[in-house]
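Dear colleague,

Please find the structure we discussed below. My notes on it follow directly after.

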Amino acid sequence: MLTLVAPLRRDVLRLPSLCCLSLPRRAPLSHSVPYTTLGTSGDGINFDDGKVFRMKSNWEILRGLLIFRFCSFPTLVNNSLKIMKFGRRIVGQRLFEVVMRASVYGQFVAGESLSEIQQCMEKLRKMGICPMLAVPIEEDVGEDKSGEVWYSKNLDTMQRCVDISSVGGSRSMMQLKITALMSADLCKKITVCLRDPVLAKEMSIEKLTTVMNGQNNLFSCLTEPENQHFQASLQRLSCIGQYAKDHGVRVLVDAEYTYINPALTLVTMAMMAQCNQLEPWIWNTYQCYLKESYDLLCQDVAFADRLGICFGVKLVRGAYMNKERKLAKEKGYKDPINPDWETTNRSYQHSLDMMLELIGKYGNRYNIIVASHNEESVLHAMQRMRELNIPQNGGVVCFGQLLGMCDHISLTLGQAGYAIYKSIPYGSVDDVVPYLVRRAQENQTVLQGIRKERDLLRKELRRRIFRRN
Ligand SMILES: Cc1cc2nc3c(=O)[nH]c(=O)nc-3n(C[C@H](O)[C@H](O)[C@H](O)COP(=O)(O)OP(=O)(O)OC[C@H]3O[C@@H](n4cnc5c(N)ncnc54)[C@H](O)[C@@H]3O)c2cc1C
C-alpha cells in the first residue's frame with residue numbers, strides 16, 4: 001500500500017488511485033535526521049584538505065580565485081551583463097572574446113568547437129569525473145523565438161549533443177530544457193489547462209504518447225496553431241528521447257519556473273512512458289525549494305510505478321527563487337517557495353531519503369542524481385548509501401555539480417570512486433555568456449557561499465609559492 005500523508009495533486013497528471021509501492025512517510029520537519037558532521041564522511045572522505053587541487057594548473061588556481069572573488073560582490077554580479085557590454089565596446093569583440101575565454105567562459109564553459117568540448121570531457125574523465133553536457137538553449141514566456149524552424153534547429157543541436165555525450169563513457173548523461181523544443185507560452189497554457197480536472201483528463205499520458213507515435217490527436221483546450229505546435233513538439237521530444245536511448249545516453253530534463261513546470265513534467269512523463277520500460281533513460285527534476293516538491297515527487301514515483309516503468313530523478317534545491325518570489329508578490333498569489341533555507345534543506349533530505357530507500361529496495365529501477373553543491377547533502381547521501389548497501393560506483397546514485405564550482409567536492413568524490421558528473425554548458429561566447437550571467441544572478445547564494453573553495457585554492461597557491469609538500 002502506498003502511504004502518503006500529504007494530499008497529492010492528482011489533477012496534474014490525472015493520477016488514478018495510488019498503488020502498490022510503499023513510500024516512506026513524510027517525517028515531521030522538526031524531527032528530521034541531523035546532518036553528518038561537516039567536511040568528513042565515515043569512509044574517510046575529506047572535503048577539507050584541498051589536496052585534490054594539486055591536479056589543477058597554476059593558471060586554473062589563479063583564475064578560480066579571481067572569479068570567485070568577483071562573484072562575492074552582488075553588485076558586480078547583478079551588473080555583470082552591463083559591465084561586459086561596456087568592456088566589449090571599449091576593447092572590441094576580438095579582445096573581449098580572448099579575455100572572456102581566459103576568465104569566466106574558461107572557468108564555467110567547455111568550449112565551442114567539438115575538439116574543445118572533447119578536450120574538456122577527456123580532462124574531467126582523467127580526474128574521475130563524468131561530463132554531463134548541457135546545451136544552453138531555453139525560452140521564457142513571451143520570448144517566442146522564430147517559430148517551428150528555431151525548435152527544429154534545436155532538435156538537431158540536441159541530437160549532436162547526444163552524439164558527443166555518447167562517445168567514450170558508460171552511463172553517459174546530458175541535460176535537456178523542454179523549452180528549447182516547445183514554446184514556453186504553450187507550456188504556460190497547458191499548465192493552466194491542467195488545473196481544470198476535465199481538461200487535465202484529456203491531457204492523459206496515454207493520449208500524449210499516441211501523438212508521440214505519430215497519430216494526429218487534437219486537444220480541445222488548444223487553438224489550431226497551438227495544437228499543431230504541440231504535435232510537432234511532442235514528436236521532437238519523442239525523437240530526442242529515442243535517439244538518446246539508442247545511443248546509450250540518459251536525458252535529464254531540467255525543471256524551470258512554476259508557471260510552466262506542470263506542463264514540463266507532463267511531457268517528461270510521456271517521454272518516460274515511451275523510453276523507460278527497462279531502464280531509466282529519461283529523468284525528471286524536482287526543486288526542493290518548492291513547498292509542494294515532496295508531494296510532486298511522491299506522485300510521480302507512484303505514477304511511474306502504475307505504468308510499470310523505471311524512474312530517474314535529478315534532485316536540486318532550485319535556481320529561480322528570486323524570480324518566483326517576485327512574481328508571486330506582483331501577481332498576488334501564494335509564494336510557492338519554502339519560507340527559509342532550513343525548510344528547503346529538510347525537504348531536500350526527505351526527498352533524498354525517500355529515493356535512496358526505494359533504490360536500496362528496488363535497485364536500478366530507480367536512479368537519482370544528487371545535484372547539489374551542499375556538502376551536508378552529499379555526505380548524507382554517501383552515509384545512507386553505505387547503510388543501504390548501495391554501491392558507490394554503480395551509477396544508480398550519482399552526484400552532480402556545475403563545471404567550475406565546488407571542485408573540492410567533485411574531485412574528491414571522483415577520486416574516491418563515486419559516480420560524479422559535472423554539468424557543462426558549451427557554445428560560443430556570445431551565446432553562452434548571457435546564460436551564465438543569468439545563472440550567476442540566480443545562484444548568488446551559492447556563489448557567495450563558496451568561501452571554502454576559495455580558502456582551499458588560496459592554500460594550494462601558497463603551497464606552490466613556498467614549495468611546501
Ligand atoms: C547538475 C545540476 C543540475 C541542475 N539542474 C537544475 C534544474 O533543472 N532546475 C533548477 O531550478 N536548478 C537546477 N540546478 C541548480 C540548482 O538548483 C542550484 O545549483 C541550487 O539551487 C543550489 O543549491 P545547492 O544545493 O547547490 O546549494 P545550497 O547553498 O545548499 O542551497 C542554495 C539553495 O537553497 C535554496 N534557498 C536559499 N535560500 C533560501 C530561502 N531563504 N528560502 C528557501 N530556499 C532557499 C535555493 O534553492 C538556493 O539556490 C542544477 C544544479 C546542478 C548542479
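L315 is in contact with Y286, C288, Y348, S351, L352, I368, I369, V370 and A371, leaving out residues up to four places away in sequence. Please bear in mind throughout that this is a predicted model. L315 belongs to the largest nonpolar core, which has 127 residues, and together with V251 and V267 it touches the most other members. Helix α12, residues 261-275, supplies the largest share of this core, with ten residues. Apart from this core lies another one, of five residues, which include V52, L411, L456 and L457.

Helix α12 also deserves a word for itself. Of its 15 residues, 15 are buried, and the helix is thus mostly covered. From first to last C-alpha, α12 reaches 21 Å, close to the 21 Å expected at 1.5 Å a residue.

Next, the ligand. There are 29 residues around the ligand, and D254, R317, S372, N374 and G400 come nearest. Two or more residues of this shell are given by each of the elements β4 (282-287), β5 (311-316), α15 (341-362), β7 (397-402) and α19 (444-448). Strand β7 provides the largest share, three residues.

Helix α16 covers residues 375-387. After α16 comes N389, with a positive phi near 60 degrees.

Two further residues with positive phi may interest you. R171, which is not a glycine, has a positive phi of about 50 degrees. R171 sits in the loop between α7 (148-166) and β2 (172-176). R171 counts as partly exposed because it has 16 C-beta neighbours inside 10 Å. C406, also a residue other than glycine, has a positive phi near 55 degrees. The loop between β7 and α17 holds C406. With 22 C-beta neighbours inside 10 Å, C406 counts as buried, the cut-off being 20 or more.

Two residues illustrate contacts across the sequence. V429 lies in helix α18, residues 429-442. Is V429 buried or exposed? V429 has 20 C-beta neighbours inside 10 Å and therefore counts as buried. Beyond its neighbours within four places in sequence, V429 is in contact with E97, M100, R101 and Y105. V429 and G106 are 323 residues apart in sequence, yet their C-alpha atoms are 9.9 Å apart in space. G308, for its part, lies in the loop between α13 (293-307) and β5. G308 is exposed, because 10 other C-beta atoms lie within 10 Å of its own. From G308 to Q277 the separation is 31 residues in sequence and 7.3 Å in space, C-alpha to C-alpha.

Finally, some points on the chain as a whole. The protein chain has 20 helices and eight strands. Of its 469 residues, 45% count as buried. Among contacts with a separation of 6 or more, 76% join residues 24 or more positions apart.

As to confidence, the mean pLDDT of the protein chain is 87, and 89% of its residues reach 70 or more. The pLDDT stays under 50 over residues 1-20, a stretch for which the model has 51 contacts beyond four places in sequence. Residues 25-38 likewise have a pLDDT below 50, and the model gives this stretch 22 contacts beyond near neighbours in sequence.

With kind regards

Technical notes: Residues are numbered from 1 along each chain as its sequence is written. This is a predicted model: local features need pLDDT of at least 70, side-chain atom pairs count only at pLDDT 80 or more; totals for chains, interfaces and linings use all residues. A residue is near a molecule or strand if its C-beta atom, placed from the backbone, lies within 6 Å of it. Helices (H or I, at least four residues) and strands (E, at least two) are DSSP runs, numbered from the N terminus. A nonpolar core is a set of buried Ala, Val, Leu, Ile, Met, Phe, Trp, Tyr and Cys residues joined through C-beta atoms within 7 Å. A residue is buried if 20 or more other C-beta atoms lie within 10 Å of its own, exposed if 12 or fewer, and partly exposed in between; C-beta atoms are placed from the backbone. Two residues are in contact if their C-beta atoms, placed from the backbone, lie within 7 Å. The expected span of a helix is 1.5 Å times one less than its number of residues. pLDDT is the predictor's confidence in each residue, from 0 to 100.
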